[in-house]
Amino acid sequence: MAPFGIAHRNQKTFRPKKNGTSSNKVRNSSQSSSASSSHPKFLASSQSEFCEDKQIARIFYHPSLLFQQGARLKRHIDATLGSGNLREAVRLPPGVDLNEWLAVNTDDFFNQVNVLYGTLDEFCTPTSCPVMSAGPNYEYRWADGVQIKRPIEVSAPKYVDYLMDWVEAHLNDEDIFPKKLGAPFPPNFRQVVATILKRLFRIYAHIYHSHFQKIVSLKEEAHLNTCFKHFTLFTSEFHLIEERELAPLRDLIDSILQAY
């Protein structure tokens with residue numbers, strides 16, 4: 001039995017495995033190492049880690065969000081994360097448009113995942129991770145609905161390459177993520193954000209299930225854990241990821257939500 005249980009789903013790009021592994025897309029990882037459901041190192045990490053971790057993660061910024069409102073919201077995120085109040089950090093600030101808040105945080109989460117997976121670039125290879133998976137019971141297949149319409153099985157690094165390119169293209173598309181203050185967001189913006197975050201979650205799931213021990217050996221577990229706490233609290237606050245998608249890390253997510 002898998003450490004996180006099994007979820008039953010019909011979605012083509014995400015399916016529980018019957019007796020093997022499956023694939024979805026994540027960028028870099030190392031030798032396969034199962035993450036336990038309790039994650040003692042994760043639970044031991046403190047709120048005070050956030051300030052340092054955010055500085056590490058905030059390396060890349062996309063021009064689509066570098067406008068006055070976006071810069072102000074990014075300062076708000078940094079300030080609240082630095083205070084250690086994680087719940088406050090994810091709440092919609094008074095007077096801020098919800099779509100603006102979703103946009104700035106989506107950009108931020110993309111940057112965090114990009115940096116995290118980058119630390120595993122030489123370890124997550126087509127040989128070590130021939131399919132994109134989250135433990136022995138979950139696999140992910142890639143499809144973008146445009147160039148690749150039918151889900152295909154690819155290695156974890158290939159899946160991550162596809163995914164990160166796909167997310168970056170969305171972030172740089174001004175029709176979806178407008179860079180001018182006051183420009184309208186598309187009617188389906190929340191759905192676009194939900195899809196992006198759902199797919200970024202799959203990278204976290206792959207890292208925890210396949211590369212957690214390598215993360216520990218690299219002394220990056222505090223950074224990984226705090227980034228995932230922030231991600232989990234934000235997506236929970238705005239109900240952006242369906243419960244069935246969270247099954248590969250269900251126990252870990254429950255421990256975070258109970259703590260905060």
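Q: First up, F177 and F189: buried or exposed?
A: Both F177 and F189 are buried, where buried means under 20% relative accessible area, exposed over 50% and partly exposed in between, with a 1.4 Å probe and protein chains only. Keep in mind that this is a predicted model, where local features need pLDDT of at least 70, side-chain atom pairs count only at pLDDT 80 or more, and totals for chains, interfaces and linings use all residues. Residues are numbered from 1 along each chain as its sequence is written, and side-chain values use heavy atoms, with hydrogens and water left out.

Q: How many aromatic pairs are there?
A: The structure holds 15 aromatic pairs. Rings of Phe, Tyr and Trp (its six-membered ring) pair if their centres lie within 6.5 Å; planes under 30 degrees apart count as stacked, over 60 as edge-to-face and the rest as tilted.

Q: Ok, so what about the rings of F177 and F189, stacked or edge-to-face?
A: Edge-to-face, because their planes are at 75°, with the centres 5.0 Å apart. F177 lies in the loop between α6 (156-171) and α7 (189-210) and F189 in helix α7, so the pair ties together parts that are 12 residues apart in sequence. Helices here are DSSP runs (H or I, at least four residues), as are strands (E, at least two), numbered from the N terminus.

Q: And Y208 with F212, what kind of pair is that?
A: That pair is stacked, since the planes are at 25° and the centres 5.6 Å apart. Y208 counts as buried at 0% relative accessibility, and F212 does too at 6%.

Q: Which aromatic cluster do they sit in?
A: One formed by F109, F201, Y204, Y208, F212, F228, F231, F234 and F238.

Q: Switching topic: which charge lies over the face of W166?
A: R199, at 4.5 Å from the ring centre. K158 lies over the face of Y162, at 4.8 Å from the ring centre. The rule is NZ of Lys or CZ of Arg within 6 Å of the ring centre and within 35 degrees of the ring normal.

Q: Now α9, how many of its residues are buried?
A: 14 of the 17, so α9 is largely enclosed by the rest of the structure. This helix (residues 221-237) reaches 24 Å from its first C-alpha to its last, close to the 24 Å expected at 1.5 Å a residue, the expected span being 1.5 Å times one less than its number of residues.

Q: What follows α9?
A: H239, whose phi is positive, near 50°, although H239 is not a glycine. At 68% relative accessibility, H239 counts as exposed.

Q: Where does K219 lie?
A: In the loop between α8 (212-217) and α9. K219 has a positive phi of about 60° without being a glycine, and counts as exposed at 71% relative accessibility.
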